[in-house]
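The following exercises concern one protein chain and are each followed by a worked solution. Please work through them with the coordinates at hand.

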Amino acid sequence: MKHPRTHVWKAAAATAICGTALAGLRTVRGRPVRSVPTLAAAGAGMAAGGLMAYEWLTPRSWLYGPVFWHARTDERVVALTFDDGPCHPYTERLLEILDREGIRATFFQVGNNVKREPNLSAEVASQHEVGNHTFTHPHLTWSRSGTVREELLRGQEAIHEATGTLPQLFRVPHGWYGPQVISGAEELGMRCVGWSVMAWDWDRPPSDVIQSRILHGVGPGGVTLLHDGQDTDAFPKADRSHTIAAVSDIISSLRASGYGFLTVPELMELDASRRA
Ligand SMILES: [Zn+2]
């Protein structure tokens, strides 16, 4: 089923093309470039084109279909999410911390890594929510629908084989949701998930920087993004020591500020109940 917003983004595309074309045509026909109609047409065309590009490249996309990236609430709750695992030994350390703190988180696993460490993937799934993060962690931004579907299906199969569960959440690698990515995930029964705050932890900044980036950006109903793995790499190429070292302090600081912790589906439920 096509999402109703399909019509909205096609209208934006039409505005982008028609506005730019009209301005071009007027200019070619010798009308003054600085005339109001020409500038208005060019402005509308460029604004619509800019919106389309922005929506394509943001993890909070709206135009091409729904991407859940926060809950509309004043309640101090947050969902911790971790991408690119499972990855030994970081995922195990993270599980220990979350277990000790009594927190359930949401893990977006890469199918290739699940195949490499199926037992670790199953251990994560036994305690936490698991979402699909493709099979090979590619840039899907400009991929055809068939490529998107294959990446998502292979990710589903790997996770299902290892854990017995079929994910209902999907997060695109690198955060860029094109319309074919959102519709591809929805066709396979998954909702797309973005984030409200991240720490650029793939660049391995010091732990205190990771901590302060999350704490400065977080708000009620937020979704944090951190990494327990690195693309399809294994240890020692994958190094998430700085992230794991930051997690305990992030949790205790959030708790001290009155925050509670939900999984992404729980946050979605909260959002839906507020809207009802
Ligand atoms: Zn990723």
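**Exercise 1.** Determine whether D84 is buried or exposed, and identify the protein donors of the zinc ion.

*Solution.* Step 1. D84 has a relative accessible area of 2% and is therefore buried (buried means under 20% relative accessible area, exposed over 50%, partly exposed in between, with a 1.4 Å probe and protein chains only). This is a predicted model, in which local features need pLDDT of at least 70 and side-chain atom pairs count only at pLDDT 80 or more, while totals for chains, interfaces and linings use all residues. Residues are numbered from 1 along each chain as its sequence is written, and side-chain values use heavy atoms, with hydrogens and water left out.

Step 1. The zinc ion has as its protein donors D84 (OD), H133 (NE2) and H137 (NE2), at 2.0 to 2.1 Å. Donors are N, O and S atoms within 2.8 Å of the metal (3.2 Å for Na, K and Ca); water is not among the atoms, so sites may look incomplete.

Step 2. The spacing of these donor residues in sequence is D-x48-H-x3-H. D84 belongs to the loop between β2 and α3 (90–101) and H133 to the loop between β4 (129–132) and α6 (145–163), so the pair ties together parts that are 49 residues apart in sequence. Helices (H or I, at least four residues) and strands (E, at least two) are DSSP runs, numbered from the N terminus.

Step 3. H133 also counts as buried, at 2% relative accessibility.

**Exercise 2.** How is β8 placed among its neighbouring strands, and is it enclosed or open?

*Solution.* Step 1. β2 (residues 77–83) runs parallel to β8 and is joined to it by 6 bridges, with D83 opposite H227.

Step 1. β7 also runs parallel to β8, through 2 bridges; here M198 stands opposite L225. Together β7, helix α8 (residues 207–217) and β8 form a right-handed β-α-β unit.

Step 2. Because 6 of the 6 residues of β8 are buried, β8 is largely enclosed by the rest of the structure.

**Exercise 3.** Describe the residues that line the largest pocket.

*Solution.* Step 1. The lining comprises 23 residues, and H174, W195, W202, L225 and H227 lie nearest the pocket centre.

Step 1. β7 (197–198) and β8 (222–227) each contribute at least two residues to this lining.

Step 2. A pocket is, on a 1 Å grid over the protein atoms alone, an open set of points where a 1.4 Å probe fits, with protein on both sides within 12 Å along at least five of seven lines; lining residues have an atom within 4 Å of a point.

Technical notes
Two strands pair if DSSP finds at least two bridges between them. A crossover is right-handed if, with the strands pointing away from the viewer, the path from the first strand over the helix to the second runs clockwise.
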